Amino acid sequence: MPSVYTHYKFARDAFDFLSEGLKEAVQAGRKFYDTGQSGADLLFYYKPHKSNDLRKHGSALHRIKADVLFSEFKKRAYESGNKEADIAYLTGYFTHFILDSTMHPYIWRCEEEKIAPHFVIEADYDRKLMLRDGVNPYNAKFLAFQVNDGEVREICSRYLSCTPKQAGEIMRSRVKFTNLISSQNSLLRGFLKFLFKISSNPKGNEILIPRQDVEACADISPRLDDLYAQALEDIKIYAKEFEDFLLREGSLGQRFAKDFE
Ligand SMILES: [Zn+2]
């Protein structure tokens, strides 16, 4: 969930490796691609301080196999009045799937082996990528790529089962929440840690952006770099298959026969 920057950077890098048909759609509707690359993670920002159906739906969408999910999504795209925009959005969602399904199994294994918790790993890696790219990891300014307008809200509602109004709320909430968890103000951090402790989500403090590199993640980050590169390779290999599926009658093969976890 906190790996917003990782997904955004990945989608930006992946663009160069997309097949021509997908590239064209993305060029015509970049804001839809930039929204789709967040996948169902967006739903985690709906009233993030409490458990609710939309957040649960965000998790559920991660547990559906990609070929099943994209087949359903393709139907909705063809029923929509602006298919081009939907193609751009779903191309972004495709990059989300490739990265999630490449990195998550390793991240879960690190958590199981008690090397570091899932969210700590993702927060640490997000911060490292931002620092490498000269982006400030301690505020939400990097979220400037997010376009919260009527067209984007409508497309979110079609694929994330929320209303356009909720989609707008979610995007505003993502900015607020990111500012909170990335702030280095010690008073605010102390207060947040206290809130998480007494809340129904005691693991919440794991998503706070750390001040420095997390020691437990020292050996994990280079491995994540490798997986990131491997995922980019997969974009190169599978973009055309995804294009043939989305734009024509092609079907999705083995790479898509897994969920996002
Ligand atoms: Zn995800």
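**A loop and its surroundings**

Guide: Start with Asp41, in the loop that joins H3 and H4. One caution first: this is a predicted model. Is Asp41 buried or exposed? Count the C-beta atoms around it. Asp41 has 20 others within 10 Å. The cut-off for a buried residue is 20 or more, so Asp41 counts as buried. Now look across the chain from this residue. Asp41 and His96 are 55 residues apart along the chain, yet their C-alpha atoms are separated by 9.3 Å.

Stay in this loop and move to Phe44. Phe44 also belongs to the stretch between helix H3 (30-36) and helix H4 (53-62). Its count is 19 other C-beta atoms within 10 Å, so Phe44 is partly exposed. Take a second distance here. Phe44 and Leu22 are 22 residues apart in the chain, and 27 Å separates their C-alpha atoms.

Leu22 takes us to a helix pair. Leu22 is one of the H2 residues that meet H6. In general, two packed helices are described by the angle between their axes and the distance between the axes. For helix H2 (residues 20-28) and helix H6 (residues 83-112), the axes come within 8 Å and cross at roughly 110°. That angle falls in the 65 to 115 range, so H2 and H6 are roughly perpendicular to each other. On the H2 side, the contact uses Leu22, Ala25, Val26 and Ala28. Facing them in H6 are Glu84, Ile87, Ala88 and Thr91. By class, this contact has six nonpolar residues, one polar and one charged.

H6 has another partner, H11. Their axes lie 9 Å apart, at an angle of about 145°. The crossing of H6 past H11 is right-handed. From H6, the contact draws on Ile87, Leu90, Phe94, Thr95, Ile98, Leu99, Thr102, Met103, Tyr106 and Cys110. From H11 come Ile220, Arg223, Leu224, Leu227, Gln230, Ala231, Asp234, Ile235, Phe242 and Leu246. Sorted by class, the residues of this contact are 15 nonpolar, three polar and two charged. Note Ile87. It takes part in the contact with H2, and it also takes part in the contact with H11.

Follow the chain past H11 (220-247), and Gly250 turns up in the segment after that helix. Gly250 has 13 C-beta neighbours inside 10 Å, so it counts as partly exposed. Leave aside the neighbours within four places in sequence. Gly250 then touches Glu241, Asp244 and Phe245.

Lys114 sits between H6 and helix H7 (118-132). Its phi is positive, about 60°, although Lys114 is not a glycine. As background, most residues other than glycine have a negative phi. Lys114 has 8 other C-beta atoms within 10 Å, so it is exposed. Ser161 also has a positive phi, near 60°, and it too is not a glycine. Ser161 lies in the loop between helix H8 (150-160) and helix H9 (164-182). With 16 other C-beta atoms within 10 Å, Ser161 is partly exposed.

H7 packs with helix H1 (residues 4-15). The angle is about 50°, with the axes 7 Å apart. H1 and H7 are therefore oblique to each other. H1 supplies Val4, Tyr5, Thr6 and Lys9, while H7 supplies Tyr125, Asp126, Leu129 and Met130. This contact divides into five nonpolar residues, one polar and two charged.

Now step back to the whole chain. How many helices and strands are there? Eleven helices and zero strands. Of the 261 residues, 38% are buried, and Asp41 is one of those buried residues. Residues 24 or more positions apart account for 76% of them. The C-alpha atoms fill a box of roughly 55 × 40 × 30 Å, taken along the principal axes. A compact globule of 261 residues would have a radius of gyration near 18 Å; the chain has 18 Å, so the two agree.

How values were computed: Residues numbered from 1 in each chain as written. Predicted model: local features only at pLDDT ≥ 70, side-chain atom pairs only at ≥ 80, totals over all residues. Axes fitted to C-alpha atoms, helices over the stretch in contact; angles between N-to-C directions. Helix = DSSP H or I, 4+ residues; strand = E, 2+ residues; numbered from the N terminus. Parallel < 35°, antiparallel > 145°, perpendicular 65-115°, else oblique. Contact = placed C-beta atoms within 7 Å. Nonpolar A, V, L, I, M, F, W, Y, C, P; charged D, E, K, R; others polar. Buried ≥ 20, exposed ≤ 12 C-beta atoms within 10 Å, placed from the backbone. Left-handed = near helix turned anticlockwise from the far one by under 90°. Rg over C-alpha atoms; globule rule 2.2 N^0.38 Å.
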